[in-house]
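Subject: Structure for your review

Dear colleague,

Please find the structure below, together with its sequence. My notes on it follow.

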Amino acid sequence: NPNPNPLMDAAAGDAARGGAAVPGGDFIDMGAPAQEEVVFATDEERRMAALKDKYAKANEKKKVWDEVDQRWKNVEDDEKVQESAAPKAKIVGIKLDGPIDTTGKDAATVRAMQDRQRDMVERQAAAKAQLQAQVDAKKAEESNEVELRARLDGRLKEWSEEYGKKKNIRALLAGMDQIMWEGSNWKPVSMGDLLVNGAVKKKTMLAKMKTHPDRTSKLPHEARFIAKRVFDALNQAYDEYIEQGGQ
């Protein structure tokens with residue numbers, strides 16, 4: 001049945017348009033209908049929804065149809081491609097060999113360029129000389145290593161092994177004075193001294209400090225070679241000593 005009241009008809013129409021009618025025919029805009037508030041069961045759901053909304057906004061890009069590729073393309077990506085394809089100004093540096101191009105340069109600029117070229121040539125020569133010295137030093141050390149192994153391996157093996165078995169820590173400490181390099185100032189240790197409670201630990205720590213790589217890095221190659229072999233043997237023997245209940 002049609003509504004006989006025209007005011008009621010106006011109010012219904014206004015309500016459908018998001019407003020309200022008041023007596024006298026005036027219309028008040030009430031704004032967009034309020035959205036229903038989303039209720040999250042947990043903080044994790046709220047966090048995930050926020051992330052989803054953030055990523056959705058980040059991915060909102062303007063797209064255009066590419067007739068060549070026959071696909072939708074992001075405008076931003078297309079602009080970046082065009083920018084990267086644009087020709088760039090060629091940068092010409094000072095040449096280290098040959099004459100300098102002085103075309104259009106005043107006398108002061110030419111002198112500065114010549115000084116710069118001379119400095120760069122000298123720096124390059126110094127760098128090459130330093131690199132070559134390092135290469136030569138490494139080759140010499142490798143050659144010395146071969147010679148030291150041939151000359152010292154027998155003595156070191158005799159000190160660290162007996163009948164094909166590794167010597168214990170006491171035997172190594174007692175024989176260290178026979179294998180240490182000249183100038184090491186290692187004081188001989190007797191087997192009797194090592195029978196005292198706590199003596200093995202004390203003497204081992206002293207021996208490891210004497211042969212530690214950080215303390216022998218500036219010694220001659222032969223001394224470093226001996227120190228490394230002694231240090232490794234002491235570490236292994238002392239670990240076995242502790243595992244067997246030694247103190």
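In these notes, contact means heavy atoms within 4.5 Å. By that criterion, residues 24 or more positions apart account for 43% of the contacts in the protein with a separation of 6 or more.

The model is a predicted one, in which local features need pLDDT of at least 70, side-chain atom pairs count only at pLDDT 80 or more, and totals for chains, interfaces and linings use all residues. Residues are numbered from 1 along each chain as its sequence is written, and side-chain values use heavy atoms, with hydrogens and water left out.

**Confidence**

The pLDDT, the predictor's confidence in each residue from 0 to 100, averages 80 over the protein, and 70% of the residues score at least 70. Residues 20–25 fall below 50, and this stretch has 10 contacts in the model beyond near neighbours in sequence.

**Overall layout**

The protein has eight helices and six strands. Helices (H or I, at least four residues) and strands (E, at least two) are DSSP runs, numbered from the N terminus. From that end, the order of elements is α-β-β-α-β-β-α-α-β-β-α-α-α-α. Of the 247 residues, 19% count as buried; buried means under 20% relative accessible area, exposed over 50%, and partly exposed in between (1.4 Å probe, protein chains only).

**The largest nonpolar core**

A nonpolar core is a set of buried Ala, Val, Leu, Ile, Met, Phe, Trp, Tyr and Cys residues joined through side-chain atoms within 4.5 Å. The largest one holds 26 residues, of which Trp159, Ile169, Leu173, Met176, Val230 and Leu234 touch the most other members. At least two residues come from each of helix 4 (107–160), helix 5 (169–174), helix 6 (199–211) and helix 8 (221–243). Helix 8 gives the largest share, 10 residues. Leaving aside neighbours within four places in sequence, Met176 is in contact with Trp159, Trp186, Ala207, Val230 and Leu234.

**Helix 8**

The 23 residues of helix 8 should span 33 Å at 1.5 Å a residue, and the end C-alpha atoms are 34 Å apart, which agrees; the expected span is 1.5 Å times one less than the number of residues. Among its buried residues are Phe225, Ala227, Val230, Phe231 and Leu234. The cover over the buried residues of helix 8 includes helix 4, helix 5, helix 6 and helix 7. After helix 8 comes Gly245, with a positive phi near 95°.

Helix 6 has 13 residues and reaches 18 Å from its first C-alpha to its last, close to the 18 Å expected. Its buried residues are Ala199, Val200, Thr204, Ala207, Lys208 and Thr211. These residues lie on the same side of helix 6 because they cover an arc of only 150° around the axis, taken from the directions from the helix axis to the C-beta atoms. They pack against helix 5, helix 7 (213–216) and helix 8.

Thr211, in helix 6, counts as buried because its relative accessibility is 0%. Beyond neighbours within four places in sequence, Thr211 is in contact with Met180, Trp181, Thr216, Ala227, Val230, Phe231 and Leu234.

His212 lies in the loop between helix 6 and helix 7 and is partly exposed, with a relative accessible area of 29%. His212 and Val230 are 18 residues apart in sequence and 9.2 Å apart in space, C-alpha to C-alpha.

With kind regards
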